[in-house]
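Good morning, and thank you for coming.

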Amino acid sequence: MTVNQDAGDWRSAWQPVIDAVGRDFSDGAVTLGADRVERGAIRRYLEPLELDCPLHTDPRAARDHGFADVTMPYTGVIAWTLPPMWQPGRSLFGSADRDAQPEHSPINNQDMPLGPRTTGFFATDVEFDFLRPVTAGERVGRRGRRLVSCSPKETSVGRGAFLTWESDIVTDTGEVVARIRTGTYAYEPRERPE
Amino acid sequence: MTAVSRFFEDVKTDEELPPVAYPLPVYRLVMAAGANRDFNSIHHNTDYARATGAPEMYANTSLLLGMWERLVRDWMGPAGTITAIRGFRMRAFNTVGDTTWVRGRVLSTETDAGPGTVDIEVYCENSAGVTVGPGTVRVTLPLREAAP
């Protein structure tokens, strides 16, 4: 459903989400990233950052520091745990409108089964604990998706709720390599004057 | 290239890390979206971003996190490890057409996490002020006494 900006009870629409604080929306399942960590994707991750460290680009230097191959930048945890945008047999774009959105996206809160359907979404804060670096050839994903908090709030951009989520970052063998706590704001944007 | 590693014994509290500047043309934001897979239109489409209440398209989370990592990696070298990031909180949009600076300073070399651990305060700012943080990046550095 879409939040009615004029509705006086917009906060109450979030009550089912507030009631679900503590719930693991994944039931403990692991959602792996679309691809294994590989050298080319690491190189592309470095480019817009201009991040120049041989651990990420030079396999011999990485081995000299005790790693089996080049390492993924620590902050790549988010990128490498994202599921694919598209899968065989599915349609991604059904409109030629200039600003048309994909029919599926792993990053826009589309899979939240409770609460208002919102169109605005962005991350507000992130915390990590890193247990060890991830190397090229490994595949990582998220285990668990526990809702830690839900706080409805009206902000300068619209009405919605701040949500906090927790997951373990695991390899495809089940080893925990990091933990992540992510804050997001899911909201319905204000109507803006033409 | 970040090839020389910093030793723990050489770090001083309040020491400032060399800041890093990130001019943010559309080009960098598009490269970042392709590289870190955050294709949300708010990060590469002005009209869409404005419709969601932002003044312009703006840098995505992974790009900003990577800026923090680069600041710290440039300073500590390849032998250092990052063990935690705290307080990475968005305070304002890092909009296209502006320059985001990443800055940091050593908060403490005496933590409860053992020898070699350093806490670094990191934040982003642009022409509007602080945009992300300040938060803390916890790293471990090699001990000179343990070096071969």
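I begin with a definition: a residue is called buried if 20 or more other C-beta atoms lie within 10 Å of its own, exposed if 12 or fewer do, and partly exposed in between, with the C-beta atoms placed from the backbone. This is a predicted model, in which local features need pLDDT of at least 70 and side-chain atom pairs count only at pLDDT 80 or more, while totals for chains, interfaces and linings use all residues. Residues are numbered from 1 along each chain as its sequence is written, and chains are lettered from A and ligands numbered from 1 in the order in which they are written.

A word on confidence. The pLDDT is the predictor's confidence in each residue, from 0 to 100. For chain B its mean is 94, and 97% of the residues reach 70 or more. For the complex, the predictor gives an ipTM of 0.95 and a pTM of 0.91.

B:Arg37 has a positive phi of about 70° although it is not a glycine. Is B:Arg37 buried or exposed? B:Arg37 counts as buried because it has 24 C-beta neighbours inside 10 Å. Its place is the loop between H1 and H2 of chain B. Here helices (H or I, at least four residues) and strands (E, at least two) are DSSP runs, numbered from the N terminus. In chain A, A:Glu50 also deserves a look: its phi is positive, near 50°, and it is a residue other than glycine. A:Glu50 lies in the loop between H2 and helix H3 (54-57) of chain A, and it counts as partly exposed because it has 13 C-beta neighbours inside 10 Å.

I turn to the interface. Two residues are in contact if their C-beta atoms, placed from the backbone, lie within 7 Å. How many residues of chain B are in contact with chain A? There are 40, and they meet 38 residues of chain A. Helix H1 (26-36), helix H2 (46-51), helix H3 (61-76) and strand E2 (81-89) of chain B each supply at least two residues of the side that touches chain A. The largest share of that side, 9 residues, comes from H3(B). By class, the side of chain B that touches chain A has 20 nonpolar, 11 polar and 9 charged residues. In this count Ala, Val, Leu, Ile, Met, Phe, Trp, Tyr, Cys and Pro are nonpolar, Asp, Glu, Lys and Arg are charged, and the others, Gly among them, are polar.

Within H1(B), the buried residues include B:Leu29, B:Ala32 and B:Ala33. Their cover includes helix H2 (39-46) and helix H5 (77-80) of chain A, together with H3 of chain B.

Next, the sheet. Two strands pair if DSSP finds at least two bridges between them. An open sheet is formed by 10 strands in the order E1(A)-E3(A)-E4(A)-E5(A)-E2(A)-E2(B)-E5(B)-E4(B)-E3(B)-E1(B), with antiparallel pairing. Its edge strands, each pairing on one side only, are strand E1 (30-32) of chain A and strand E1 (16-23) of chain B.

Where the chains join, strand E2 (residues 120-130) of chain A and E2(B) pair in the antiparallel sense over 4 bridges. The bridge partner of A:Asp129 in E2(B) is B:Ala84, and A:Asp125 stands opposite B:Arg89. B:Ala84 also has a bridge partner in E5(B), namely B:Arg138. Of the 11 residues of E2(A), 8 are buried.

Strand E5 (residues 129-140) of chain B holds B:Pro134. A cis peptide bond joins B:Gly133 and B:Pro134, with omega about 0°.

Finally, the core. A nonpolar core is a set of buried Ala, Val, Leu, Ile, Met, Phe, Trp, Tyr and Cys residues joined through C-beta atoms within 7 Å. Which residues have the most contacts inside the largest core? They are B:Met67, B:Trp68 and B:Val72, in a core of 77 residues. The largest share of this core, 9 residues, comes from H3(B). Leaving aside neighbours within four places in sequence, B:Met67 is in contact with residues including A:Leu49, B:Val20 and B:Cys124.
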